[in-house]
Every structure is written in C-alpha cells, then in structure tokens.
Protein chains: 2
Amino acid sequence: MAETTRQTRTAHQLRMLSDALDSGRLGPVRRLVNTLSPAEIGNLLESLPPTRRNVVWGLVDTEDDGEVLLHVGDDVRESLIAEMDPEEIVAALEDLDIDDLVELMDDLPEAVTEEVLRSMDRENRERLEQALAYPEDTAGRLMNPDVVTVRADATVDVVLRYLRLRGELPEHTDRLYVANRRRQYLGQVALSALLTREPSTPVNTLLDEDQPAIAVHTSANDVANAFSDHDWISAPVVDGNNVLLGRITIDDVVDIIREQAEHRALGAAGLDEDEDLFASPLRAMRRRALWLGINLTLAFVVASIIGLFESTLEQVVALAVLMPIVASMGGNAGLQAMTLTVRGLALGQLGGGNVRTLLVKEITVGLLNGVLWALVVAVVAGLWFHSSMLALAIASAMVINLACAAAAGVSIPVVMRRLNIDPAIAGSIVVTLVTDALGFFAFLGLGTVLLLK
Amino acid sequence: MAETTRQTRTAHQLRMLSDALDSGRLGPVRRLVNTLSPAEIGNLLESLPPTRRNVVWGLVDTEDDGEVLLHVGDDVRESLIAEMDPEEIVAALEDLDIDDLVELMDDLPEAVTEEVLRSMDRENRERLEQALAYPEDTAGRLMNPDVVTVRADATVDVVLRYLRLRGELPEHTDRLYVANRRRQYLGQVALSALLTREPSTPVNTLLDEDQPAIAVHTSANDVANAFSDHDWISAPVVDGNNVLLGRITIDDVVDIIREQAEHRALGAAGLDEDEDLFASPLRAMRRRALWLGINLTLAFVVASIIGLFESTLEQVVALAVLMPIVASMGGNAGLQAMTLTVRGLALGQLGGGNVRTLLVKEITVGLLNGVLWALVVAVVAGLWFHSSMLALAIASAMVINLACAAAAGVSIPVVMRRLNIDPAIAGSIVVTLVTDALGFFAFLGLGTVLLLK
C-alpha cells in the first residue's frame, strides 16, 4: 500500500511511454525520459519489454548512459551494452568515477575493455587496473581512490585556504582524512567541524580517531554491516601498512544492503537477484530449469518413499487423500524455522552455543503447533472417513513431522553454512525434501501399523 | 561465505560471553559489551536467549540504552523495555533526537510516555507531539526538526561566521537549507561548496534548486526510493505551504530499505520481520499458528479434490505414488514467477501494459520447462510402472500445471496488490493452493480418463 504512489507514477509513465511509442512520436518520450535521474531511467528500462527497452535506451542522453548502466541488474545491463557500439560504450564510461567503472568492467566485451583502458590517462588507467586486481566483493573493488587528505599540524584556516584553491570536493565527502607524509591514515576531520571552529584551531584538536579504517580485503558484506552498525556516510580504506588507498561511500553500501536482502528473498525460490523481469523466455527457462530439475529428482525420491506403501494405499485409499496435508503442514513449519535461521546467519546472530538454544526453542514451537493442529486434523479426518485409527495416525504423523520440520529448518542451514553452501539458495529445497519424505513416511507407516491387520 | 568474518567475530564474542556468564564474572562482559557500538550491542542482544539477554542488557552503559533500543526489532525491544524501571526508560531516552524518540514512543508503556513528555522542555515536547501526529510510515515520522537554515542574500563569509557562532551542526548535515523569512524552502547549499568558495561569494550563486523537498505525507517507501534514486545523504521535508518542517537522513533510510527487503524474505514464510529469534516458544507458536491454520484449511481443500478421485486411486495406486511430483513441480514454478512479480511490484516496475507482457513471458517459460520436464517424468514414470498411458497422463498434467502455475504466479500478486492485500505475505500460500489443487486435479482427472475404462 505504501508503495502505491511510486507504482502509480511508474504506471502513469509507462502508459504515456506506451502511447507515445505506439504512435511513433519519439520526441515526447525523449523529453519524458531525460527529466528522470539515472536510477529512475534504470528502473524504467527494467520495466520495459526488450523491444521497447531498446527504443527508449537509444533516446537516453549519452552523458547519462554510464550512470544508467550502474543502476540496472546484470542481465538488463548486458542487454543494454549489447545494443551499443564500442565507441558509444567508451563515451558513456568517460565521466564515471573509478569505483563505478570497476563495477562495469566485468560486463564489457573484451575489445571494449581494452579500448576503455586506452582512452584513459595514465594515472586513471593505473588506478583502474589496481582496483580490478582486488577480488570481487571486497572493499578494494568498492572504494574510490579520489580522497582529500590534510596534515595533522595544519590549522583550520590553512585547510580552508587549501580547499578554496582545490575547488570541488569528491561527491559525498563528509570528512577529510588526516594522513602523515607516507600517506598513512591517522584519523578524520568532519567538514562540519571545519565550518564551526575558529580559523586558528589546529586540525589535530579536531581529529576523530575513533572511526577505524577499513582493510582493503574486507568483504563487501562486512563493509555494509560496519556502515550500518556505525551510521557512516563514508569510510577510509587502507592497505596492510595503514596506507590510505581510497574511500567507500554510503551510496554504494546501500546497493549492497539491498542486494543482500534481495538475495535471500529471491534465492529461496531458486532465482538470481540479477534476473531480468523481461528476459527472453528461452533464457529465463534455462536459468530456472536446473532448479526445477533438482526439485524433480527430489520429488522422485519422495515418490519412491510413497511407493514403499503401495499395498497399504491399495487397501486404505483415505491415506492417499490425506497424505498431502501432513507433508504440506511440515513444509510450512520447516520453512518458517529455516527462514528465521537463514536471517540469523546472515546477520551474524547465530554461532557458538546459541544454535542449540534456537534448536530447542524451534522444536518446542513445532511440538506446540503440531499438537494444536493434530487435534484439529484428527477431528476432521475422523469425521470424514469415520475412523478413529485414521485420526490417530494423521494426528501422530502431524506432531512428528512438525517437530522434525523445525529441527530440519534450523539444522540444515547451519550445516550448509559450515560446508560453505549458501543456505539462502539451497535451504528451502532440502528442507522441503525432508518434510515431504518424513511426512509421507510417518503417515503411511503409522497407517500401515494402525489400520492394517 | 562473504558473511563469514562477521559470523566468526560474533561467534567468538558469544563464546567469550557464554564463558564469562557461566563463571559469573560480569566484569569482562561489561568491558566487552561497552567497546561495541549501539548497533553492535543491539545485534548481540538479538543473538542471546532471554535470560542471558537480560543479564547483558543490565550491563550496558545507561547512556547507550536509548540508541541500543533503536537498533533491535520490535519484539526484542519490547522485552528489553519490560526489564527497565520507568526512571531508567526516561533517562535512556533523554539524549535521543526527536526522530528517534518518535520511533520508540509507540512501544512504551503509557505511564512512561507521559513521564517522558513531562521530563522534556516545552519546545521539544511540542516538536515530539507534532511528529507523533503524522501517520506511521510517512516522512513526518522520519524527519528530525533540527535543521540549519540560511538566507539566500547572505555571503559565504556571513554563513561561516554564523556557523562558528552556532557551534555544532546536527549529525549527517551535508547541506544547509536556504529559506525565506516565512521559513519557506528555496534550495540547498552543500557544505563542500561553503568550504571551497571564496568568502565573498553570495549564497544564492551556490544554490542547488534541483533537489525537491519531500512532502510531509510522503510514504516511507517512497522516501526510501527517492533517496536511492538520487543518492541523497539528507533531504528537506516541507508541509503543503512549502514551509520547512525538518530533515530526513540516510541512516534512517537505510533501515527502511533493509526492512522492505526483510519483509519480502520473511513474509513469504508467514513471518513478521520483527520476530525475535529467541522469543518464548508459546509466543512464537501463537504468532505462527494462524499461518499454519490457514495452510491447514487450504490443505483440506486440496485433500477434498483428491477425494473426488477415490475410486480411481483404488484402482490405480500408481497415481497416488506419483501425484505429489506434479504438485511439487507446479508449486516451485509458481513460486518462481510469483517471487519475480512481487519484487517487480515492490520496485514499481509493474503497471500499465507490461503486466500482460510479463504474463505471456512467464506462461511461455512455464510451457517450455513443462515440456522439458514432462518428457523426463514420462520416461521415468513409464518405465517404473510399465504404463505408457500413465506416462502420458503425468506428462500432460505436468505441462498444464507448470503453465497455469506461471499464470497464477504473475496474476495472483497483481490482483492482490489491486485489492490492497500484501502479496509478499499472502502470495505464496495462495499460489501453492492453486498449483496443488490444479496439479492433483489435472493428474487424477487425466488418469481417470486415460487409465480407467
């Protein structure tokens, strides 16, 4: 509901665009598009089916092209780059900061990469090559080498004169970094301190030494957590010798935070967070086929468990009618425990002794809900098929399955994490396998024992 | 994997804490806890079972209490507040900004709310009451009234002298707002512009009029989208007459962005994003019972569809063995289409004519994957039960179910959104109902037609 305004606005834009594109009048489209910010254009392009997307992409001002490419998912980015000439790409990347260029370089055709490097001056080329040498998803890839440093022995007045000489500051500069002659990081001075103190104040009395610098090999996720733990706007990045290499700013961190959570929301359905809403069906099919194939294999495992009870099912067909209930309730309870555990793992809240505490809590919750719904299901099933033994079988199977589902929901992601398997992606399919298999086995097994002589 | 460092660190902290708490030596615990930032303490408290959580909470420095309360989920916050005396609560809230206080007020016992209001000076009390008058999840609740304004006709020099007189600037101030005599918003001046320009420069030549002010009734989600569309650090908030009311800063926006995505990740499993990892089992059970109850009701609907085919199942027990395969594949394919659609809706990318395009694309993907896996399943099922008619039945049911699952996955969340039902929460359970019901009906129906004479 709270998202309605934006949705309405986009829907309105999309309709206007649609009409204009249908009528072939591209002038109004161009005008509409170029009133938007690069991020909004990116969002708009992601909302358009491929043919229209390409038409609109051709109308975007060349100077915005680079920024727009930064604001779309990998799949859409690839499709946009495929529409551009090498010269257009080089022109689009011209005005980007090093950290943004680094993000795009991996998605460029190799020929273009070389062209881009050739078109840069030596200093920037070296900076770019250096940044690309750091592993993906580390602070080294996120940082921008454009940093303003001052000396600790200067006064506010000297710094102000230096800044007036220098002119512009890099975007999102909220603090200047204080470094020694060897560029080693000593601390920071907030712009607000420079503005509110007397000109004669020495910089070293304004020094904030509390904010530690980020090591260049820190993972992107740890960088994001540090930013949100400390409410930073920017943070300095240093190498092993504490030498200032660059600066990470909140705008890039917001993207990481969004992606972290997206990854969990989409991963649970076997989707990639970079999936294009309007990918070609063949491409989308190939992306999802593997997941469905794994699911099919597991479904056959479950079917073979049911197959063990063929003769029971022949004699008591009510078991076939009711068995999906047990599996479905187990699946839901298991996914609830799993979702909570995956979040706990992602936020670094699980580890040490508290996994066991969580396991005990979740199994207790499973037992409580198991008993509650077992009673309900026993009454309904007993009345439906006029059999108290059937009621007993389904009720017991329900309690067993909900308790085991809770145990599986906690332990499977924890074990996966230890094995370096991403529980956000693999977790749901394995937990469902366990709850299905166990649900059918428990119910049909109990049915065999209780209902057949 | 990328989250390992933080996890390792937390696990280490948790183990140290555990050992110290076991031995009853609270000194080391207190020292460890008070080296952490409020957000880190919040994260730590969320990682602890209730008894230990209360012990550690008692050791947190009183001056950090308020900030820590801001950095935990609603459930944990409630449990922490329950441990405090009214005077402790009042003391903890003393140093908080108005926007932070607003966030906490709803969770306080009524007696304490009054106490807090009484303890404030008149100006702050009025500001707080004014902020509380805005609806939840709007810009009015997020803003902080503490704003620095300057006049357009001043020079940089005059502004600098004013700032030195004023002393401190509010946290995360990256721009000063320019307003007229009636406090109407005219534009902004970046701190970096004040630092890099000559003292004689008039403020109105530095004025950035591009960034529009946020209307006070804008939804929190739209605020978050605007911040990430424009890479803002802060933004001014105005009323209907363009009068400056306050300022929203990126730190609060990051929290909203995180919550938006959390909501989708947890909502799909019927969980609330504020759920406490270590809630008491009874409380957790009650929270989840409703979801499981709805699921049970729907499972009975599905069972009653299977019940229609009792006599078929009695004659061909293989159908009972294989039927969960069709349902499970449909469920997975449906959830994939749904997850993508829910994200598209949340990001404002769906609306106008493109829903139909997405529907066509997803049904095509469903058909392609349906045909692919139908062939596989037909071969395996045919060989298993030596029946080509059974193979034909399951293959056809698979294609039908995957195509319909895709259609349901797109259309159900879109319709829910139009009806103002949150698809992130209700979507998965309804899509699964459709794919289960349809999977069983198609397979058992086709089985009846093809296998029984």
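Before the details, a word on conventions: residues are numbered from 1 along each chain as its sequence is written, and chains are lettered from A and ligands numbered from 1 in the order in which they are written. Because the model is predicted, local features need pLDDT of at least 70 and side-chain atom pairs count only at pLDDT 80 or more, while totals for chains, interfaces and linings use all residues, and side-chain values use heavy atoms, with hydrogens and water left out.

Among the buried residues are B:Asn221, B:Asp222, B:Phe227 and B:Asp229. Directly after the helix comes B:Asp231, with a positive phi near 55°.

What does α14(B) pack against? The crossing of α14(B) and α15(B) is left-handed, a term for a near helix turned anticlockwise from the far one by less than a right angle, with clockwise giving right-handed. On the α14(B) side the contact, meaning heavy atoms within 4.5 Å, includes B:Val223, B:Ala224 and B:Phe227, and on the α15(B) side it includes B:Ile250, B:Val253 and B:Ile257. By class, the residues of this contact divide into eight nonpolar, four polar and no charged, where Ala, Val, Leu, Ile, Met, Phe, Trp, Tyr, Cys and Pro count as nonpolar, Asp, Glu, Lys and Arg as charged, and the others, Gly among them, as polar.

A second pair in chain B has another make-up: the axes of α5, residues 62-70, and α8, residues 98-105, come within 10 Å and cross at roughly 65°. These helices are therefore roughly perpendicular to each other, and α5(B) passes α8(B) in a left-handed crossing. Here B:Gly66, B:Glu67, B:Leu69 and B:Leu70 meet B:Asp100, B:Glu103 and B:Leu104, which by class gives three nonpolar, one polar and three charged residues.

Now to the aromatic pairs, in which rings of Phe, Tyr and Trp (its six-membered ring) pair if their centres lie within 6.5 Å, with planes under 30 degrees apart counted as stacked, over 60 as edge-to-face and the rest as tilted. By this rule the count comes to eight pairs over all chains. The rings of B:Tyr177 and B:Tyr185 have their centres 6.1 Å apart and their planes at 80°, so that pair is edge-to-face, and both residues are buried. For B:Phe227 and B:Trp232 the centres are 5.5 Å apart and the planes again stand at 80°, so this pair is edge-to-face too, and both of its members are buried.

Turning to chain A, the axes of α18(A) and helix α21, residues 423-451, come within 8 Å and cross at roughly 145°, in a right-handed crossing. The residues of their contact divide into 17 nonpolar, nine polar and one charged. Within α18, residues 317-346, lies A:Thr341, buried with a relative accessible area of 0%, and among the residues that A:Thr341 touches are A:Leu350, A:Val410 and A:Pro413, not counting residues up to four places away in sequence.

Finally, backbone angles: most residues other than glycine have a negative phi. Which residues depart from that? A:Asn242 has a positive phi of about 65°; this residue sits in the loop between β5 and β6 of chain A and is partly exposed at 32%. B:His386 has a phi near 50°, lies in the loop between α19 and α20 of chain B, and is exposed, with a relative accessible area of 72%.

Methods
Buried < 20%, exposed > 50% of the residue type's maximum accessible area, 1.4 Å probe, protein only. Helix = DSSP H or I, 4+ residues; strand = E, 2+ residues; numbered from the N terminus. Axes fitted to C-alpha atoms, helices over the stretch in contact; angles between N-to-C directions. Parallel < 35°, antiparallel > 145°, perpendicular 65-115°, else oblique.
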